[in-house]
Amino acid sequence: MRISVIGCGYLGATHAASMAELGHEVVGVEVDAAKRARLAAGEVPFFEPGLPELLAKHVASGRLRFTDSYAEAAAFADLHFVCVGTPQLPSSLGADTTYVEAAVRSLAAHLTPGGSGSGGPTYVVGKSTVPVGTAAAMAGLLETLSPEGTDVELVWNPEFLREGFAVQDTLEPDRVVLGVASERAEAAMREFYAPMAQRGTPFVVTDYATAELVKVSANAFLATKISFVNAVGEVCDAVGADVVALADAIGHDARIGRKFLNAGVGFGGGCLPKDIRAFQHRAGELGVEEAMSFLSQVDTINQRQRQRVTQIAKELLGSEVSGRRIAVWGAAFKPDSDDVRDSPALDVAGRLHLRGADVRVYDPEATETARVRFPTLTYAASAIEAAEGADLVLHLTEWKEFRTVDIDAVTRVVAGRRLLDGRNLLDLDAWRAAGWQARGLGRR
Ligand code: UDX
């Protein structure tokens with residue numbers, strides 16, 4: 001089928017390339033000229049394993065191209081996916097839906113009664129994460145703004161991709177959620193996603209509001225799981241218990257599960273922090289503020305982990321951090337990503353820098369994105385270089401290379417053998433055997 005993908009950031013670029021891989025013909029609409037030029041040349045403007053190969057493959061095959069023209073998209077396809085961002089508003093905890101609205105408005109102005117010429121109806125499919133109620137508002141907008149006689153319908157089809165696994169999550173999702181207003185819309189979407197249905201992927205077909213809520217609820221649940229285990233980790237620290245053994249033990253209960261129970265410096269990124277705040281905000285607007293008020297605790301616990309790391313760093317150093325050299329391993333909010341939005345690692349690095357520490361940050365992929373956000377920090381070219389002369393090493397993003405680092409090589413270059421594993425993934429016994437004072441969060 002012919003589709004357009006409006007907004008070619010993380011979500012859109014991945015969706016566009018993945019849908020081309022499924023055999024569809026795709027035009028990506030991207031208004032940022034620099035980004036569009038890179039995508040058109042087959043380049044991905046951010047780090048995402050597997051995506052550059054897929055994008056280049058389908059730009060070359062001719063199944064994927066990019067434009068800034070909504071008119072071109074409307075003339076090409078009858079299925080339009082809206083993949084623009086919904087960042088946190090500067091003035092509140094709510095999400096900014098103006099990009100979604102702008103995309104719908106721009107597209108509606110170019111739709112025509114005959115569609116792209118196929119004679120069938122046009123579907124506008126929202127994939128962005130939005131406050132509940134947005135889809136209904138967008139459906140109303142489409143009806144009002146589309147030219148008289150245009151047969152257009154809205155679908156809500158949230159995306160659950162994780163950075164670092166974006167291609168896999170898009171091509172092999174755990175489920176496909178469709179918020180629809182008619183049986184024909186459901187049929188059209190099932191036809192579009194037929195390869196996934198054939199693989200046995202579960203489809204959940206529901207109304208707009210439920211589809212919107214599924215997405216924010218999933219992210220709120222994941223965030224709650226992380227903050228739960230981090231809160232328990234604080235208790236573990238108070239009594240000398242071990243949160244990793246505890247998480248393993250409760251995780252064996254199939255009702256709980258071990259995933260997303262890794263205690264540490266907490267969650268960050270462009271989704272979980274923003275989504276729990278927006279969910280709370282929307283609940284307040286809907287008059288059910290109390291129902292979601294626990295999410296403010298989830299947020300607070302998460303922020304507190306960053307303070308805990310700073311506090312333990314201070315304890316390990318004996319008192320003041322000012323004038324001490326600290327190696328920070330990791331800048332991205334998670335491994336296999338160069339995304340530093342709301343990154344716990346960079347936040348901690350910045351806090352220590354502001355307290356006068358000489359902070360040296362190393363990240364395998366996120367140095368350039370980190371430098372843009374925190375130009376005053378010092379960046380090293382390797383884990384060892386960051387550790388040279390350091391009084392303390394902080395492990396804050398769980399890249400694999402930090403787990404396999406040569407402990408002896410690090411030991412030779414540091415000034416003081418002090419380690420804080422802010423992700424609870426390093427072998428503390430091995431570090432201690434090399435003479436290090438090594439701590440985790442909530443660990444013995
Ligand atoms: C998340 C959701 O997982 C995804 O479904 C949604 O579409 C977008 O938001 P993402 O932001 O890519 O994806 O990251 P995710 O893998 O969920 O991790 C979020 C944060 O939680 C990271 O900072 C990670 O380090 C942290 N985390 C994760 C923990 O601190 N502990 C854990 O056990 C798991």
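**Exercise 1.** How far apart do the C-alpha centres of domain 1 and domain 2 lie?

*Solution.* Keep in mind that we are working with a predicted model. Begin with the division of the protein: domain 1 covers 2–206, and domain 2 covers 221–439. Next, take the C-alpha centres of domain 1 and domain 2, which are 34 Å apart. Now look at the contact, to which domain 1 gives 14 residues and domain 2 gives 16 residues. Finally, sort the residues on the side of domain 1 that touches domain 2: 8 are nonpolar, 5 polar and 1 charged.

**Exercise 2.** Find which residues touch the most other members of the largest nonpolar core.

*Solution.* This core has 86 residues, and the ones to pick out are Ile6, Val82 and Leu107. Helix H10 (residues 208–239) contributes the most to the core, 10 residues. Then check the domains: domain 1 and domain 2 each supply at least three residues to this core. Let's zoom in on Val82. Leaving out residues up to four places away in sequence, Val82 touches several residues, including Ile6, Val100, Val104 and Lys127. Another core lies apart from this one, with 42 residues, including Ala345 and Leu352.

**Exercise 3.** Work out why the radius of gyration of the protein agrees with that of a compact globule.

*Solution.* Start with the chain: a compact globule of 444 residues would have a radius of gyration near 22 Å. The protein has 24 Å, which agrees. For the overall extent, follow the C-alpha trace along its principal axes, where the spans are about 75 × 50 × 40 Å. To finish, note that 48% of the 444 residues count as buried.

Conventions:
Residues are numbered from 1 along each chain as its sequence is written. This is a predicted model: local features need pLDDT of at least 70, side-chain atom pairs count only at pLDDT 80 or more; totals for chains, interfaces and linings use all residues. Domain bounds come from an automatic or database domain assignment. Two residues are in contact if their C-beta atoms, placed from the backbone, lie within 7 Å. Ala, Val, Leu, Ile, Met, Phe, Trp, Tyr, Cys and Pro count as nonpolar, Asp, Glu, Lys and Arg as charged, and the others, Gly among them, as polar. A nonpolar core is a set of buried Ala, Val, Leu, Ile, Met, Phe, Trp, Tyr and Cys residues joined through C-beta atoms within 7 Å. A residue is buried if 20 or more other C-beta atoms lie within 10 Å of its own, exposed if 12 or fewer, and partly exposed in between; C-beta atoms are placed from the backbone. Helices (H or I, at least four residues) and strands (E, at least two) are DSSP runs, numbered from the N terminus. The radius of gyration is taken over C-alpha atoms; the globule rule is 2.2 Å times the number of residues to the power 0.38.
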